[in-house]
Amino acid sequence: MAERFLPADDPVLEDVLLWTVARDAGDMARLLKWLPEARSVREQRVLMRRVRAMGEELESAMEKMAALQQG
């Protein structure tokens, strides 16, 4: 990742978004690791629903970070 010369307009928001990206990525990896070990198709679907929801949150956080860095 390239180093910026100027800080973001909202450094607190940027920190929150970075934390969200790191947390969601870690949680998604953990859930995907559990997926093959699920006891039933129902459990697998629940895990995948949660992974998709986190993916949407992750995408949103990344878009907001990109907007902060451009602004």
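What covers the buried residues of H2 includes H1, going by contacts, that is, heavy atoms within 4.5 Å. The model is a predicted one, in which local features need pLDDT of at least 70 and side-chain atom pairs count only at pLDDT 80 or more, while totals for chains, interfaces and linings use all residues. Residues are numbered from 1 along each chain as its sequence is written, and side-chain values use heavy atoms, with hydrogens and water left out.

The secondary structure is quickly told: 2 helices and 0 strands, taken as DSSP runs numbered from the N terminus (helices are H or I, at least four residues; strands are E, at least two). H2 covers residues 41-70, and its 30 residues reach 43 Å from first C-alpha to last, close to the 44 Å expected (1.5 Å times one less than the number of residues). Of the contacts between residues at least 6 apart in sequence, 62% join residues at least 24 apart.

Buried residues make up 24% of the 71 in the chain; here buried means under 20% relative accessible area, exposed over 50%, and partly exposed in between (1.4 Å probe, protein chains only). In H2 the buried set is Leu47, Val51, Met54, Leu58, Ala61, Met65 and Leu68. The largest nonpolar core has 13 residues, and those with the most contacts inside it are Leu17, Val21, Met28, Leu31 and Leu47. Such a core is a set of buried Ala, Val, Leu, Ile, Met, Phe, Trp, Tyr and Cys residues joined through side-chain atoms within 4.5 Å. H1 and H2 are the elements giving two or more residues to this core, with H2 giving the most, at 7. Leaving aside residues up to four places away in sequence, Met28 touches Val51, Met54, Gly55 and Leu58.

Then there are the charges. The count comes to 4 salt bridges, each a side-chain nitrogen of Lys or Arg within 4 Å of a carboxyl oxygen of Asp or Glu. Arg23 pairs with Glu57, the closest N and O atoms being 2.8 Å apart. This pair links distant parts of the chain, with Arg23 in H1 and Glu57 in H2, 34 residues apart. Arg23 also meets Asp24 in a salt bridge (2.8 Å, N to O). Asp24 is buried, at a relative accessible area of 1%, whereas Arg23 counts as partly exposed at 29%. Elsewhere in H1, Asp27 bridges to Arg30 at 3.0 Å between the closest N and O atoms; being 3 residues apart, the two are separated by about one helical turn.
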